[in-house]
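Take a look at the sequence and the fold, then read on.

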Amino acid sequence: MEPRLIHIGFGNVVAAHRIVAIVSPDSAPIKRIIQEARENGSLIDATYGRRTRAVVITDSGHVVLSAVQPETVAHRFLSREPAEEAEEA
């Protein structure tokens, strides 16, 4: 069984089983988490220079920035991939 991957924009994906939280970057605590991850070298910027709209926090301590809305990433996390449905049918 292959790990399920969640598309976070611009062809970038995150392993679904590693995601702890998908949050908005607007609050001060999340901004601190982003800054600490940048200082520790555990920040992954997948925005391609666009505005950060979602912050994905993983169980390994990595913080992934995405230009896709948190609701969109969460919907992709909860929905099943069409390829998986075709294999089971």
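**The fold at a glance**

Starting from the N terminus, the protein chain's elements go β-β-β-α-β-β-β-α-α. That comes to 3 helices and 6 strands, where helices (H or I, at least four residues) and strands (E, at least two) are DSSP runs numbered from the N terminus. Bear in mind that this is a predicted model: local features need pLDDT of at least 70, side-chain atom pairs count only at pLDDT 80 or more, and totals for chains, interfaces and linings use all residues. Residues are numbered from 1 along each chain as its sequence is written, and side-chain values use heavy atoms, with hydrogens and water left out.

**The sheet**

- An open sheet is built from 4 strands in the order β3-β5-β6-β4, with mixed pairing; two strands pair if DSSP finds at least two bridges between them.
- The edges belong to β3 (19-23) and β4 (43-45), and each has a single partner strand, so one side of each is left without a neighbour in the sheet.
- From one strand to the next, the twist averages 20° (axes are lines fitted to C-alpha atoms, for helices over the stretch in contact, and angles run from 0 to 180 degrees between N-to-C directions).

**Around β5**

- β3 pairs with β5 (residues 54-58) in the antiparallel sense over 4 bridges.
- Across that pairing, Ala21 has Ile57 as its bridge partner, and Ile19 stands opposite Thr58.
- β5 also pairs with β6 in the antiparallel sense, over 4 bridges, and here Val56 stands opposite Val64.
- The hairpin of β5 and β6 has 4 residues between the strands, and Gly61 takes a positive phi near 90° there.
- β5 is mostly covered, with 5 of its 5 residues buried (buried means under 20% relative accessible area, exposed over 50%, partly exposed in between, with a 1.4 Å probe and protein chains only).
- Ala54, Val56 and Thr58 point one way from β5, while Val55 and Ile57 point the other way.

**Helices on the sheet**

- Helix α1 (residues 28-40) lies across β3, β4, β5 and β6 (63-66), and runs at about 115° to β6.
- Helix α2 (residues 70-78) lies across β3 and β5, running at about 145° to β3.

**The whole chain**

- Of the protein chain's 89 residues, 29% count as buried.
- Among contacts (heavy atoms within 4.5 Å) between residues at least 6 apart in sequence, 53% join residues at least 24 apart.
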